[in-house]
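Here's a quick briefing on the model on your screen. Have a look at the structure, then read on.

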Amino acid sequence: MTTPLVSLQDLSVQFCGSRKASALNAVNLELGAGEVLALLGESGSGKSVTLRTLLRLHPERTTKIQGRMQVDGQDVLALKGRALDLYRGGTVSMVFQEPGLAFDPVYTIGQQITESIRAHAAIDEAAARAQALQMLERVQIPQAKRRFDAYPHELSGGMRQRAMIALALACQPKLLLADEPTTALDATVQIQILLLLRELQRETGMSVIFVTHDIGAAVEVADRIAVMYAGRVVEQGPVGEIVRRPRHPYTAGLLAATVGTENRGQPLLAVPGSPPDLAALPPGCSFAPRCAQASERCRREVPPLQTLGQQALACWHPILPLAEAA
Amino acid sequence: MKQTLTSPSPVQDRGGPAQPLLVVRDLKKHFAVRGGPLERSKKFVHAVDGVSFSVPKGKTLGIVGESGCGKSTTARLIARLMAADSGSMVFDGEGVEEFGGIRLKEFRRNLQMVFQDSFASLNPRLTIAETIAYGPRVHGMPAAEAMRQAQALLARVGLEPAQFASRYPHELSGGQRQRVNIARALAFDPRLVILDEAVAALDKSVQAQVLNLLQELKAERQLTYLFISHDLHVVHYISDYVMVMYLGQVVETGPVERIYGQAAHPYTRALLSAVPSMDPDNRTQASPLAGDPPNPINPPSGCRFRDRCPHAHPVCAAKTPALIGLPGEPAHQAACHLNDPASGHPAALMEIQP
């Protein structure tokens, strides 16, 4: 990785509306061109906030953003007006979890894709329509010509998510953000969407940040996994390393709690307790109250994120130390 | 604890251990669809179309299927939250709401349900102890007694009564709320608990805690579970028997090892192979099924799966496959012409590659 496409440095996001909540705490992430990163974590861990911050979707008045955020050489936090409009959708675009809510219900799928193409490129209506139709074919929507004039409610869940992907890719973004794109779908449809995303990524060579709480889905699409907990990245590494040799106790707990064929009939090794309140994070490691290996130091000091090659870890007492030999 | 209750003591085992706790026969529910003013014939959603099964005592029956296959409608029909169009139920040897059988009120006390949305299923204006005590009080338990029982149940599901009893649902996390729902279901000392996607909305680490709790409670109170889920891992973990539904019908049912090991129906095989692999070196290469589940309005004739089935043959359109036992294992049943030598399907009972 020479110049990463995305680089987040000490990014902190605080919501200060009626109540305060620190959603992200000094997140450091880098993503190269053509790389697929999965953000894995439970609800409230800051996965979706990271994506929304990357698109600057949070209301500015009640959100305090600190740190640096660079995408494709641009300082995202400094973008304004027309430059921000072009950045959203042009450089970075997003696939949402609920395609039924993300589409405008009163326009057809085709109109919405055509509109976004014309917003970014100076081409005439007919050419944009042809391009939009081509996008629908590319995401393997059967009878794309007919679906072009369909309203979102006329499509099934899987089809709507395909249309959402077509819309997101219409302007050839360099980075695709996918916020739990398969969570609302059935298992048989989920695997189709995952395969489609993987195929499109390979074809276009774009980078993808894929947010999920399902390790299985992350393993299917990602090169690298970053595990998040309470607004911090606690562990990062290639997919195989994370799945086979987890280092952080939380990652190990997540993997152990995943039910499978092996542990039928036995009690699951569940992580006790529940995620912390983001308005009042513990002073030390945020996982310490639930961690079996926590010591006095864990409760006092926040462990720094140490990086070694492709891997990173933030823990005082890792299961496996971060070393080449492990 | 339960013996001190002043409400009628829970129904004891009547039919003996061999009698299934619940037998459901030919359950049907069709919902009418509002059509346009010019449409001549009324359309119906065939939500549940002739479902029959039985749940043995002390076991867990898992029901799996895609959305719209009728899993939840089946649960609601059993709990009588809506009336079935036709079909009958036998609870521990006694017909439900039949002459000489078990009365509906009694049946409902024996059967409780836990829903997916833990927040929507709790009354926001009652504290959680009041919520748990509410049902028994309606059934005639004195308030103080019901409250004492609620506290004991809260402690049992892992919520410290002194800390939690007076809280309102919005003050709890999702996992804690689901524990309250489980405690409420147990307040009647039921024999059958229907868990409709009860762990689907929970985070993975919390989900494991709730699954452990469910297993402990089942052993402690000799409960029988009807576990509905779309998560095949969870169903594999918790179930003794599995029933696979597709478009309102049962396509395969049997012991959990048979379903997960030697699935006989092409749909079950496709569903099982659609689960993401956990091995990054061995990713899924091709999707086992194309397209979405078809519309349950006017389902296809014959076998309902034939539009998406790789083994479809004209006979599948002409004849509806019956749910029949497989050779060697009569408890394992599948509704597919491939397993019936008399069906006329050319590939019937030959070795099929999944």
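A crossing of two helices is left-handed if the near helix is turned anticlockwise from the far one by less than a right angle, and right-handed if clockwise. Keep that handy for the helix pair below. This is a predicted model, where local features need pLDDT of at least 70, side-chain atom pairs count only at pLDDT 80 or more, and totals for chains, interfaces and linings use all residues. Residues are numbered from 1 along each chain as its sequence is written, while chains are lettered from A and ligands numbered from 1 in the order in which they are written.

**Helix 7 against helix 8 in chain A**

- Helix 7 of chain A passes helix 8 of chain A in a right-handed crossing.
- Their axes come within 10 Å and cross at roughly 15 degrees (axes are lines fitted to C-alpha atoms, for helices over the stretch in contact, and angles run from 0 to 180 degrees between N-to-C directions).
- That angle makes helix 7 of chain A roughly parallel to helix 8 of chain A (the label covers angles under 35 degrees).
- On the helix 7 side, the contact is made by G157(A), G158(A), Q161(A), R162(A), I165(A) and L169(A); helix 8 brings V189(A), Q192(A), I193(A), L196(A) and L200(A). Contact here means C-beta atoms, placed from the backbone, within 7 Å.
- By class, the residues of this contact split into 6 nonpolar, 4 polar and 1 charged (Ala, Val, Leu, Ile, Met, Phe, Trp, Tyr, Cys and Pro count as nonpolar, Asp, Glu, Lys and Arg as charged, and the others, Gly among them, as polar).

**Where the chains meet**

- 37 residues of chain A are in contact with 35 residues of chain B.
- Helix 8 of chain A gives the most to the side of chain A that touches chain B, with 7 residues.
- That side of chain A has 18 nonpolar, 15 polar and 4 charged residues.

**Chain A overall**

- Chain A has 12 helices and 12 strands (DSSP runs numbered from the N terminus: helices are H or I with at least four residues, strands E with at least two).
- Buried residues make up 47% of the 326 residues in chain A (buried means 20 or more other C-beta atoms within 10 Å of the residue's own, with C-beta atoms placed from the backbone).
- The C-alpha trace of chain A spans about 65 × 50 × 40 Å along its principal axes.

**Chain B overall**

- Chain B holds 11 helices and 12 strands.
- Of the 354 residues in chain B, 45% are buried.
- Its C-alpha trace spans about 70 × 55 × 50 Å along the principal axes of chain B.

Key: Buried ≥ 20, exposed ≤ 12 C-beta atoms within 10 Å, placed from the backbone. Contact = placed C-beta atoms within 7 Å. Parallel < 35°, antiparallel > 145°, perpendicular 65-115°, else oblique.
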